[in-house]
Every structure is written in C-alpha cells, then in structure tokens.
Amino acid sequence: MSNYKICFLIMTLAVTSTQIRGTDKPDEIPFKLAQGFGIVIRGEIGATRDMNFLLDTGAVPSVLSQRAASRMGIRGVMGSLTVLNQESQSEYVTVDAVRLGWIQAPRLPMVVVDLAHLEQRLGTRIDAIIGLDFFAGQDISIDYKQRKITRGLSGQARHAVPVEVYSVGGAPYWVLPISLEGKAIRVLLDTGANDLGLFAPRATRTFKLVSSESIAHASAAGEGKAMVLPSMTLVMSDGKFKNQVAVVLGEPPGALREIDGVLGPMALGITRIELDWGQKCLRWDTR
C-alpha cells in the first residue's frame with residue numbers, strides 16, 4: 001500500500017457530560033460544541049452504535065481510534081503517517097457502513113491512531129475523527145449557534161468565498177484564499193482548530209513576531225509551543241476582520257507544502273458555514 005500523508009489539527013477541547021440526543025428531524029444532525037468550537041456528534045460504524053465522532057475538516061483521511069478498531073476487530077496494513085512535522089507508522093483500514101444522520105458511506109478509508117491523550121484533554125471518549133472525505137459532494141450547513149448540521153444550503157448566508165479543492169491521495173482539503181495585512185495567503189479550512197495558524201518558516205519570514213515568547217498549543221500529535229504574531233487585518237472575500245491574532249505552527253508535512261496555514265471558523269467569530277460543492281465555495285455568516 002502506498003504511503004499516505006495526512007495532517008489534522010485538534011485543539012484542546014472540553015465536553016460536557018450531557019449526552020448527545022437524537023433528533024426527530026431527518027435532515028438535521030445535532031451536535032455538542034466543545035469549548036466553543038469543537039463539533040462532537042453521535043454516529044455508527046457497522047453494527048457499533050453510539051460512537052462519538054469529532055468532525056474535523058482538516059483531517060484527511062478520517063481517523064479511527066485504536067481502542068475502537070480493537071473492539072471491532074478491524075485490521076489493516078501499515079503505512080506512513082505525518083502529523084505536522086512528525087512522521088510515524090500507522091495502520092490503514094477500510095471500514096464498512098459509516099453513518100452520521102442521513103449521510104452514509106458504504107466504505108470509508110481510515111487511519112488508526114491512539115487518541116488516548118486527546119480523550120484525556122476532552123474528558124470524553126472519542127471513537128473517530130470524521131474528515132472532509134466523508135462529506136465529499138454533500139452540501140451541508142453547520143450552524144454553530146443552533147448546534148446542528150442541516151442537509152443542503154440555507155440560502156441565507158450573506159458571504160461566500162471561492163475555495164480550491166486540494167486533493168491528497170484522492171481525499172479533499174478545502175483551501176481558502178485570504179489576505180492578511182495585505183498579503184495574499186492560502187489556508188486550510190479546519191473545524192478542528194480555534195485559531196489562525198501559519199506554518200513556519202514562511203510565516204516568520206513574512207510577518208514579524210510579537211516577541212520571542214510562545215504559548216501552549218495542543219494538537220493530535222501532542223502538546224507543544226506556538227509563537228504569536230501581532231494582531232493584523234484579515235480579509236476573506238467581502239468580510240474584513242480587524243485585530244486578528246495568528247500563531248506560528250511547525251513546518252507542514254509534504255502534502256501541505258503549498259498551503260500557508262490553517263483557519264478555524266470560530267477564530268473569526270463565524271456562526272455558520274455552508275459547504276457548497278457545486279459552486280466550490282464556502283458560504284458563511286457572523287450573526
């Protein structure tokens with residue numbers, strides 16, 4: 001099997017102990033919003049129900065926890081896994097019958113990862129991280145205020161930005177063109193992040209650091225340090241965001257060498273995003 005390169009960012013989350021209840025509306029999927037940005041949903045894989053899925057558009061391919069894979073007796077083949085600038089060997093599998101509300105995938109490639117350290121930060125079980133590969137071609141609306149995912153587009157989003165669908169190993173990333181302090185950059189849409197993160201060393205060559213100090217930064221690869229950039233003006237399509245702070249991340253893996261960083265929607269105060277695959281654009285609102 002060829003070596004896949006993936007990157008996903010999971011910031012430190014906290015989830016309440018309240019159970020995620022189902023809905024009697026077939027076109028809606030309720031979710032819990034962890035620490036103001038992390039989307040945690042109930043889903044199923046095969047005959048295994050009541051699984052906790054973390055929705056992360058920056059995760060390609062999707063991820064299955066080692067515990068869940070062992071419990072379900074799923075085995076695969078070993079391949080190369082790169083998370084940011086750390087490379088290791090991980091097991092790649094294909095699971096059957098993944099279900100998340102009305103969205104279903106008869107077969108879904110996944111990589112098996114130990115998520116124990118992430119679960120400790122969350123204080124809850126995480127069985128899988130569902131990436132954008134699961135939603136490929138599905139027009140959906142993610143409403144952070146109402147905490148629900150809805151089938152199709154609402155028709156109410158006031159803003160839209162064209163995206164580049166960036167394929168890695170046949171799986172998609174969504175890349176957004178933005179302007180930061182007048183400089184054009186390209187960032188990955190990442191619902192698993194709560195900030196604007198720029199990859200080194202390009203970020204430090206382009207923008208001046210606030211100071212030599214760094215802040216704690218958490219990802220699926222573990223804990224680390226991230227340097228802080230000064231607040232700047234960010235422009236995305238017809239939206240302007242002043243005093244936007246960014247952090248400097250490590251060097252990106254090879255698959256993301258042409259991308260400048262990652263953007264979590266909630267970092268801009270966005271309250272709803274809509275994936276419009278037909279028009280290849282991200283629709284969004286801040287109200």
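Colleague: How exposed is Arg147, as a relative accessible area?
Modeller: In this predicted model, Arg147 counts as partly exposed. A residue is buried under 20% and exposed over 50%, with partly exposed in between. Arg147 falls in that middle class because its relative accessible area is 41%.

Colleague: What is the phi of Arg147, and where does the residue lie?
Modeller: Arg147 is a residue other than glycine, yet its phi is positive, near 55°. As for its place in the chain, Arg147 lies in the loop between strand S10 (140-143) and strand S11 (148-151).

Colleague: Is Glu181 buried, partly exposed or exposed?
Modeller: Glu181 is found in the loop between S14 and strand S15 (183-189). Its phi is positive, about 55°, although Glu181 is not a glycine. The relative accessibility of Glu181 is 44%, so the residue counts as partly exposed.

Colleague: Which residue of S3 is the bridge partner of Leu33?
Modeller: Strand S2 (residues 32-34) and S3 run antiparallel and are joined by three bridges. The hairpin of S2 and S3 has three residues between the strands, and Gln35 takes a positive phi near 50° there. Across this pairing, the bridge partner of Leu33 in S3 is Ile39.

Colleague: Which residue of S4 is the bridge partner of Ile41?
Modeller: S3 is also joined to strand S4 (residues 48-55), by six bridges, and these two strands run antiparallel. They form a hairpin with two residues between them, and Gly46 in the turn has a positive phi of about 60°. In S4, the partner of Ile41 is Phe53.

Colleague: How many of the eight residues of strand S3 are buried?
Modeller: Strand S3 spans residues 38-45 and is mostly covered. Buried means under 20% relative accessible area. Of the eight residues in S3, the number that are buried is six.

Colleague: How are the rings of Phe134 and Phe135 arranged?
Modeller: The structure holds three aromatic pairs. In one of them, the ring centres of Phe134 and Phe135 are 5.3 Å apart and the planes stand at 90°. Phe134 is buried at 6% relative accessibility, and Phe135 is buried at 2%. Planes over 60 degrees apart count as edge-to-face, so the arrangement of Phe134 and Phe135 is edge-to-face.

Colleague: How many residues apart in sequence are the parts tied together by Trp174 and Trp277?
Modeller: The ring centres of Trp174 and Trp277 are 5.0 Å apart with planes at 65°, so this pair is edge-to-face. Trp174 is buried, with a relative accessible area of 0%, and Trp277 is buried at 15%. Trp174 lies in strand S14 (residues 171-180), whereas Trp277 lies in the loop between strand S21 (272-276) and strand S22 (281-285), so the pair ties together parts whose separation in sequence, in residues, is 103.

Colleague: Which residue has a backbone oxygen 3.1 Å from a polar atom of the side chain of Thr191?
Modeller: Thr191 is found in the loop between S15 and S16, and it is buried at 1% relative accessible area. Beyond residues up to four places away in sequence, Thr191 touches several residues, including Phe37, Asp56, Tyr144 and Ile273. The backbone oxygen lying 3.1 Å from a polar side-chain atom of Thr191 belongs to Leu55.

Methods
Residues are numbered from 1 along each chain as its sequence is written. This is a predicted model: local features need pLDDT of at least 70, side-chain atom pairs count only at pLDDT 80 or more; totals for chains, interfaces and linings use all residues. Side-chain values use heavy atoms; hydrogens and water are left out. Buried means under 20% relative accessible area, exposed over 50%, partly exposed in between (1.4 Å probe, protein chains only). Helices (H or I, at least four residues) and strands (E, at least two) are DSSP runs, numbered from the N terminus. Two strands pair if DSSP finds at least two bridges between them. Rings of Phe, Tyr and Trp (its six-membered ring) pair if their centres lie within 6.5 Å; planes under 30 degrees apart count as stacked, over 60 as edge-to-face and the rest as tilted. A polar contact is a pair of N or O atoms within 3.5 Å; within protein, one must be able to donate a hydrogen and the other to accept it, and residues adjacent in sequence count only if both atoms are side-chain atoms. Contact means heavy atoms within 4.5 Å.
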